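Subject: Structure for your review

Dear colleague,

Please find below a structure that I am handing over to you.

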Amino acid sequence: MKVVALVSGGKDSCYAMIKCMEYSHQVVALANLLPADDSVDELDSYMYQTVGHQIVVTYAECMGLPLFRRRIQGSTRHQKLSYRMTMGDEVEDMFVLLNEVKRQIPSVTAVCSGAIASDYQRLRVESVCSRLGLVSLAYLWKQDQSLLLQEMITNGIVAITVKVAAMGLDPRKHLGKDIGFLKSYLHRLKELYGINVCGEGGEYETLTLDCPLFLKARIVLDEFDVIMDSSEAIAPVGILHPLAFHLENKEESNSLSGIDKTSEICPEKVGFVYEVQGDFLQSSEAICQSAAEVTKLDGVAEHRLRISRTKSYSTFSICCWLQDSCHTSAGLQQDLEVVLKKIELELVGCGFNWENVLYVHLYIADMNKFTIANETYVRYITQEKCPFGVPSRSTIELPLSQVGLGSAYVEVLVANDQSKRVLHVQSISCWAPSCIGPYSQATWHREILHMAGQLGLDPPTMTLSNGGPSAELEQALENSEAVAKCFNCSISTSAILFVVYCSAYVPSPERCKIQDKLETFLKQMRLFQSDRENISKALDPIYLYLLVPDLPKRALVELKPILYAPEDMDMAIGTMQDLSSVRMPSYWGFQHADWHDSCFQKCVVHGKICAVILCFTSELVEKICSDSLGGGTDNGDYPLSVQGRQMESVSRFCIYLLDKLYMQTNFSWEDTKHLRFYFPTSLGLPVEVLSLMLNNAFNELAEMDQRVIIGEEPIFNLVPVLGAGSSATSMDNILTCELFASKS
């Protein structure tokens with residue numbers, strides 16, 4: 001991509017350009033924001049470093065690139081973490097600046113910045129990029145600061161301190177000093193006072209005088225003054241005001257090899273400095289378009305829409321799909337619009353809207369039409385509609401059309417409050433894959449971390465890892481761990497459930513490697529962490545493998561973890577009453593047997609969270625049918641073949657076993673957050689019949705036990721797959737159930 005680099009003059013923005021070039025991007029222009037008054041060194045700004053702005057103007061000549069500059073007219077008006085366009089805010093100056101760069105150099109498609117740890121700054125750069133249709137590149141984001149500082153020095157960045165404001169840093173002693181000279185001292189201050197060695201906490205600011213990108217000349221600072229902003233004894237604050245400087249030309253032979261020939265880009269604008277004028281309102285209105293109106297769906301065949309909803313008050317799921325085995329789908333776009341509009345109406349009917357949604361499962365019939373699905377999706381779920389953060393998402397191709405479920409199928413997890421915390425990083429970085437669209441890497445709500453589906457993408461290049469499914473899974477696990485760390489947890493110790501989607505493009509012999517890789521990776525991570533900390537509280541997660549037709553980007557594997565992430569782990573221990581010895585009711589003639597334990601995996605966390613996977617293989621189906629006293633009875637709702645009678649027994653046994661597990665763990669059906677039944681398309685049973693069987697089983701349970709309250713809508717949803725199982729090597733279950741419950 002062709003990139004415009006946001007430069008403050010500091011070491012971070014310069015090193016960010018070097019990283020961009022390492023990943024084959026071309027820096028074609030520079031952009032800088034400076035005070036309106038040349039005599040002012042520093043502004044009271046949350047966004048911009050301006051100390052040393054008098055020297056930044058020479059970067060155009062040093063690098064042989066056009067430099068676009070704008071004098072900051074705005075101030076800090078929108079102080080919340082997540083930024084929304086605010087007239088008169090200093091962020092709008094960046095918008096005007098980058099808009100002009102894009103106008104003059106239309107080939108620019110990306111913006112690079114030196115953000116390392118500041119969400120405040122990153123989110124504002126991402127907001128501006130989103131409005132301008134540009135990609136944000138932040139290759140320093142979340143990187144270890146000690147390693148970064150060393151990399152900068154090793155890669156030839158010569159930067160001096162131009163502001164100090166921390167314990168142990170004396171303006172008269174440490175201003176004007178090179179970072180290479182100060183490195184050891186900064187590490188000592190980190191040990192003594194916990195400072196950020198890259199200055200991310202405002203401890204110091206720098207000005208780059210030379211680096212490998214300065215192909216034409218280096219900067220020599222001849223004279224400067226030290227201006228004291230504060231003379232406090234503990235942490236005095238001072239800035240460097242340059243008085244005299246000059247450029248020292250470089251010979252071409254001194255240029256560092258391997259750096260992009262940036263001087264050959266835009267030759268007509270080499271060394272060009274352009275001051276960007278313009279009014280906030282005109283520039284913003286010209287580019288920033290309002291959110292698209294939701295399409296009205298008058299005349300849609302309402303009878304084809306189906307809804308399911310769990311009954312939990314605090315957090316519940318709504319699922320919507322089109323069901324008509326005799327009806328030909330109108331296409332993905334129209335089907336998805338119908339489904340999203342219906343969900344939107346259901347949310348409004350509950351007094352909620354899209355900002356209450358924590359997670360979206362987007363199932364489509366054809367992954368080749370992913371772009372259409374995404375374009376339709378963003379008309380409904382936008383940043384403007386979700387001021388607290390857009391929900392996390394996984395997108396999967398399912399065999400929907402084969403079972404008469406249209407082209408789109410959507411499930412949303414909804415919260416009745418606004419306590420969620422969202423991690424939404426749109427910048428491409430070395431940290432984890434970016435979410436450029438309106439979905440987040442993870443959403444935290446009431447101690448549960450819902451992570452977006454993770455592909456095996458290499459974060460800085462956003463390309464799938466080479467080496468097949470196991471290599472992709474390893475990268476997906478590393479990406480998941482990077483996200484988990486942002487919430488002070490780990491996939492190796494905090495995971496409750498792993499759902500692994502395996503593409504049908506994975507050859508059967510390769511599937512065993514997927515499971516081996518997952519188990520080995522988690523085991524090695526636990527061993528590594530056990531050497532560094534106490535992991536006696538590590539959870540024992542459960543696993544579900546699903547075989548599906550295709551995944552985004554033609555990936556072979558997608559990983560979806562759910563983690564337990566309390567804000568205070570020491571206070572998270574709850575009490576769990578042991579009810580395993582309590583005599584359980586016998587429904588439909590089912591009696592307890594030891595083999596029942598082979599049907600399920602469960603993970604119960606401190607009596608607060610319960611996750612269950614039920615797997616029914618053909619062998620277990622035979623046992624269930626032989627033990628059932630109630631199976632095989634015609635009830636008039638549907639004709640029963642031999643296979644139908646078996647599935648009726650399995651449906652009843654499934655509900656019986658779930659109810660039994662709920663009672664043993666002291667949970668209730670009202671605690672259910674989501675309940676999915678996965679069935680293979682090879683089952684050969686119409687989805688309407690299977691749905692009716694499960695509905696009847698729930699109704700019969702409610703008649704037998706007053707604890708169970710059934711509403712008009714089913715609390716489960718049926719999900720067609722090519723195969724499912726608790727092992728990647730045997731995804732051949734007749735029926736699979738995934739249940740997640742929480743008392744919060």
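This is a predicted model: local features need pLDDT of at least 70, side-chain atom pairs count only at pLDDT 80 or more; totals for chains, interfaces and linings use all residues.

Residues are numbered from 1 along each chain as its sequence is written, and side-chain values use heavy atoms, with hydrogens and water left out.

Overall make-up

The protein has 17 helices and 30 strands; helices (H or I, at least four residues) and strands (E, at least two) are DSSP runs, numbered from the N terminus. Of its 744 residues, 58% are buried, where buried means under 20% relative accessible area with a 1.4 Å probe and protein chains only.

Five strands form an open sheet with mixed pairing, in the order 11-12-15-13-14; two strands pair if DSSP finds at least two bridges between them. Its edge strands, strand 11 (305-309) and strand 14 (392-397), each pair on one side only. Strand 11 and strand 12 (residues 315-322) are antiparallel and share five bridges; one of the bridge pairs joins Arg-309 to Ile-318 in strand 12.

Strand 26

Eight of the eight residues of strand 26 (residues 609-616) are buried, so this strand is largely enclosed by the rest of the structure. Ile-609, Ala-611, Ile-613 and Cys-615 point one way from the strand, while Cys-610, Val-612, Leu-614 and Phe-616 point the other way. Strand 26 pairs in the antiparallel sense with strand 25 (residues 600-605) over six bridges, and Cys-603 has Ala-611 as its bridge partner in strand 26. The hairpin of strand 25 and strand 26 has three residues between the strands, and His-606 there takes a positive phi near 50°. Strand 26 also pairs in the antiparallel sense with strand 30 (residues 735-742), over eight bridges; Cys-615 has Thr-736 as its bridge partner in strand 30.

The second largest pocket

Which residues lie nearest the centre of the second largest pocket? They are Ser-8, Met-47, Tyr-48, Gln-49 and Gln-121, from a lining of 38 residues. A pocket is an open set of points on a 1 Å grid over the protein atoms alone where a 1.4 Å probe fits, with protein on both sides within 12 Å along at least five of seven lines; lining residues have an atom within 4 Å of a point. Helix 1 (11-22), strand 2 (26-34), helix 5 (119-132) and strand 7 (204-210) each give two or more residues to this lining.

Notes: Buried means under 20% relative accessible area, exposed over 50%, partly exposed in between (1.4 Å probe, protein chains only).
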